[in-house]
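Me: I'd like to learn how to read side-chain features in a model like this one. Can we go through them one at a time?

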Amino acid sequence: MKAAVLGVTGYAGQVLMRLLAGHPEVRTVLAASSSQAGTPLRAVDPGLPASIEEKVPGGMLVSPDEVMRSTDVDVVFSALPHLKSAEICAPVLGRTVVVDLSADFRLHDPAVFQGAYGKPVPRPDLLSRAVYGLSEWHTEAIRKADIIANPGCYPTATLLPLLPLARAGLLKGAVIANAISGISGAGRKEKLDLLYVERSENVNAYNPGTSHRHAPEIAQEIKETDGALSLLFTPHMAPLRRGMAVTTVVELARDPDASGPGSIAGLYQEAYAGRAFVNVWPDRVPQTRDVWGSNRCDIGWKQEGRHLLLFSVIDNLVKGASGQAVQNMNIRFGIPETAGLRTAGEM
């Protein structure tokens, strides 16, 4: 296969290149950057193995325009900013498979997108063709999609434990989700409140309730599963490089069965049996260190009377971004889902 990555100097782009460097089915990668075209790739990311130069022509970064002119690319990964991704990818949309890590194709309603991002959705004409790339939930649609809208990190970690229970009608009322993210979730940019001195020994909530950009994305998927549920979502930033933990509290509509298909464990088994990247722990609260560097989402839960507490953790740069993008490529092209991805966390 021949792949292209747009935006290789950001965190998601760098992780994509590291994953594709070891992917057994990807033979060639065009690594594109609008600001550093012509620069040796390993000068931009010295953490890449020397073998990457066997896959990257000349070992050099190219411009996005060169990718757009190429006629033999099988898949384009766009790790470009929101509102720019659809614009720059326009020449290849409909011509090759695009896995878009921005929000440009995630929200189905243009009015909701404008409310979240402050500008009109870039390509409203293509929204109906885009598939929301929550890999374990929309697998069959991803197999046939030419535009895959890779989910955000907060939605991935929040939705995977929720959706099987919502589909079964087990939940009611407001979904109260509180999430903690590492600093890399804010992207690779110079900003005062991302400086080491500002973030070290400091944890804070931000954009609470329904004001975070990912809240409409989470609400969209919840309501498509159970339209009676509502959402309050509060993210927090913690002094971690990477990692994400979500604790969700929701009221039970009925008592789950103690065992069997109607139990909580049984509903997760029905949804995720055979899926290598979702680990379900009925008797422990998962931790971010369990999944660091892997494409896993680990899920735990605890029932307290009429309420259910759900716990989930991911690596925000892998399952929350680049890893799920590669997983979606694997699904789309009939490659083993785990190809090029880790199922075990790193120490």
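**Reading the features**

Me: What does Leu 83 count as, given its relative accessibility?
Reply: At 23% relative accessibility, Leu 83 counts as partly exposed. The general idea is a scale of relative accessible area: buried is under 20%, exposed is over 50%, and partly exposed is in between, using a 1.4 Å probe and protein chains only. Keep in mind that this is a predicted model, where local features need pLDDT of at least 70 and side-chain atom pairs count only at pLDDT 80 or more, while totals for chains, interfaces and linings use all residues. Residues are numbered from 1 along each chain as its sequence is written, and side-chain values use heavy atoms, with hydrogens and water left out.

Me: Where does Leu 83 lie, and what is its phi?
Reply: Elements first: helices (H or I, at least four residues) and strands (E, at least two) are DSSP runs, numbered from the N terminus. Leu 83 is in the loop that runs between strand S3 (75-78) and helix H4 (85-89). Its phi is near 75 degrees, which is positive even though the residue isn't glycine. Asn 207 is also a non-glycine with a positive phi, about 45 degrees. You'll find Asn 207 in the loop between strand S8 (204-205) and helix H9 (214-225), partly exposed at 38% relative accessible area.

Me: How do I read a pair of aromatic rings, and how many are there here?
Reply: You describe a pair of aromatic rings by the distance of the centres and the angle of the planes. The rule here takes rings of Phe, Tyr and Trp (its six-membered ring) with centres within 6.5 Å; planes under 30 degrees apart are stacked, over 60 edge-to-face, and the rest tilted. That rule gives four aromatic pairs. For Phe 113 and Tyr 117, the centres are 4.8 Å apart and the planes at 25 degrees, so this pair is stacked. Both residues belong to helix H5 (residues 110-117), four residues apart, about one turn of the helix. Phe 113 is buried at 0% relative accessibility, and Tyr 117 is buried at 7%.

Me: Which class does the pair of Tyr 154 and Phe 233 fall into?
Reply: Here the centres are 5.2 Å apart and the planes at 70 degrees, so you call it edge-to-face. The pair links distant parts of the chain, with Tyr 154 in helix H7 (residues 153-167) and Phe 233 in strand S9 (residues 230-237), 79 residues apart. Tyr 154 and Phe 233 are both buried. Elsewhere, ring pairs join Tyr 268, Tyr 272 and Trp 301 into a cluster.

Me: What about charges over rings: which residue lies over the face of Trp 292?
Reply: A charge sits over a ring if NZ of Lys or CZ of Arg is within 6 Å of the ring centre and within 35 degrees of the ring normal. Over Trp 292 you'll find Arg 242, at 4.4 Å from the ring centre. Arg 284 has its charged end over the ring of Trp 281, 5.0 Å from the centre.

Me: How many salt bridges does the structure hold?
Reply: A salt bridge is a side-chain nitrogen of Lys or Arg within 4 Å of a carboxyl oxygen of Asp or Glu. The structure holds 16 of them. One of them joins the side chains of Asp 72 and Lys 2 (2.9 Å, N to O). Asp 72 lies in the loop between helix H3 (64-69) and S3, and Lys 2 in strand S1 (residues 2-6), so the pair ties together parts 70 residues apart in sequence. Asp 72 is partly exposed at 44% relative accessibility, whereas Lys 2 is buried at 17%.

Me: Which residue meets Arg 106 in a salt bridge?
Reply: That's Glu 217, at 3.2 Å, N to O. Arg 106 lies in the loop between strand S4 (97-100) and H5, and Glu 217 in helix H9, so this pair ties together parts 111 residues apart in sequence. Arg 106 is buried at 3% relative accessible area, and Glu 217 is buried at 1% relative accessibility.

Me: What does Gln 220 touch?
Reply: Contact means heavy atoms within 4.5 Å. Leaving out residues up to four places away in sequence, Gln 220 touches Arg 106, Leu 107 and His 108. Gln 220 lies in helix H9 and is buried at 12% relative accessible area.
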